[in-house]
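Q: I am new to this structure and would like a short walk through it. Could we begin with the sheet?

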Amino acid sequence: MGNSNKIKSLSEKIAASLIKNEKSNDLETSEIFDAKTKVQMLSEIKSGKHSDLLKEIDTEKDWKVLERKIQQQSRKSFKFWYYGAAATVAVLITLGLVFNKTNQDQDFSEPVIVNNNIEIGTGKATLTLEDGSDIILEKGQTYESNHVASNGEELVYKTGNQKQKANNYNILTIPRGGQFYILLSDGTKVWLNSESQLKYPVAFTEGETRQVELVYGEAYFDVSPSTQHKGSKFKVFNRSQEVEVLGTEFNIKAYKDDTSINTLLVEGKVAVSTAVENQVLVPNQQSTLNLETNTIRITTVADVYNETAWRDGIFSFENKPLKEIFKVLSRWYDMDVVIENKVKKEERFIGTFNKSNSIEDILIAIKSTNFINSYEINDKTLTIK
């Protein structure tokens, strides 16, 4: 079976799994972004074998069928359906991007690889205890104390120590190339992206406002409701901003090298405040705090999943400039990126990748669409030509 037909078959399998409300293993084991398969695909494209496949794809019709199925699902299962739908559409997008480039002159030159030491990110973090000591947390290793336990990928705090531990704080630091999940003592769930740091109490004082600090980086919060904590509020502090939680799920992006702080509301309601301004967000709204002017701008995000897919192990790029895409990738793969062509930096790309893909798989996929001409890898530095 040709690779073009394999892609069509994969799309059908994913769609069938969605209709049955099942998770398809093909989402995890797909050859779509495998480097070798990509090269084979390009060979087929050059020989014209993709033409029959394009005639068989009716994206508008197929999407309408899938959309009806999604609307029939309960709210609880919607996120998985959205993930699956995004994966299916990404297959078609990849086909479209590659096929639409076949009439252009493409550079199929081999990349230059010198001592490739760029590794896929994984679960790892440093836990700083209340006495200042550091505990290294890594995938495959366990840690446990009288109030917290970790399996190397997540950190779970025990409840019931409110009076004894209320004034003690821990700090969880996620390095470049890492990610971590934490369950706070009040039941709040927090996903921390690469190069992030969260400061929080070991336990919260009953009846008082629950406060944590996102020192820097990106975090997704699913907050335990105040009704379960005698009405106590939940607040997230970060530099010049305070977020008071009036609902449940939201994402904050506040990296050290960013000039703004983005707060995106997924469910419920939050109030974003500075020393001079206060804004209340409703679902699908994002506040952008300009750190230079200290002003807040509110926008509506059409596709929330693109901004929060990272916590599900997915890179979802929707019309993003290459410079932003490689900034995201540099954190996960703990690499330095140099884009030599200034024009290429601003070119916009649509694509979805699994975070378990190697950097070379992703580069070959992007290169096959002619968005980049060539690249070099030397140790932990990636140079885009």
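A: Helices (H or I, at least four residues) and strands (E, at least two) are DSSP runs, numbered from the N terminus. This is a predicted model, in which local features need pLDDT of at least 70 and side-chain atom pairs count only at pLDDT 80 or more, while totals for chains, interfaces and linings use all residues. Residues are numbered from 1 along each chain as its sequence is written, and side-chain values use heavy atoms, leaving out hydrogens and water.

Q: How many bridges join strand 23 to strand 24?
A: Four bridges join strand 23 (residues 375–379) to strand 24 (residues 381–384), and the two run antiparallel. Glu376 stands opposite Thr383 in strand 24.

Q: In what order do the strands of the open sheet come?
A: The order of the four strands is 1-23-24-21, with mixed pairing. Strand 1 (112–116) and strand 21 (336–339) are at the edges with a single partner strand each, so one side of each has no neighbour in the sheet.

Q: Which strands does helix 11 touch?
A: Helix 11 (residues 359–368) packs on the sheet and touches strand 1, strand 23 and strand 24; contact means heavy atoms within 4.5 Å. Its direction makes about 165° with that of strand 23, where axes are lines fitted to C-alpha atoms, for helices over the stretch in contact, and angles run from 0 to 180 degrees between N-to-C directions.

Q: Is Ser368 buried or exposed?
A: Ser368, found in helix 11, is buried, with a relative accessible area of 3%. Buried means under 20% relative accessible area, exposed over 50%, and partly exposed in between (1.4 Å probe, protein chains only). The side chain of Ser368 reaches the backbone oxygen of Ala365 at 2.6 Å.

Q: Changing topic, how many aromatic pairs does the count come to?
A: The count comes to ten aromatic pairs. Rings of Phe, Tyr and Trp (its six-membered ring) pair if their centres lie within 6.5 Å; planes under 30 degrees apart count as stacked, over 60 as edge-to-face and the rest as tilted. The rings of Phe204 and Phe234 have centres 6.4 Å apart and planes at 55°, so this pair is tilted.

Q: And what of Phe221 and Phe250?
A: Their ring centres are 5.1 Å apart with planes at 15°, so the pair is stacked. Both Phe221 and Phe250 are buried. Phe204, Phe221, Phe234 and Phe250 form one aromatic cluster.

Methods. Two strands pair if DSSP finds at least two bridges between them. A polar contact is a pair of N or O atoms within 3.5 Å; within protein, one must be able to donate a hydrogen and the other to accept it, and residues adjacent in sequence count only if both atoms are side-chain atoms.
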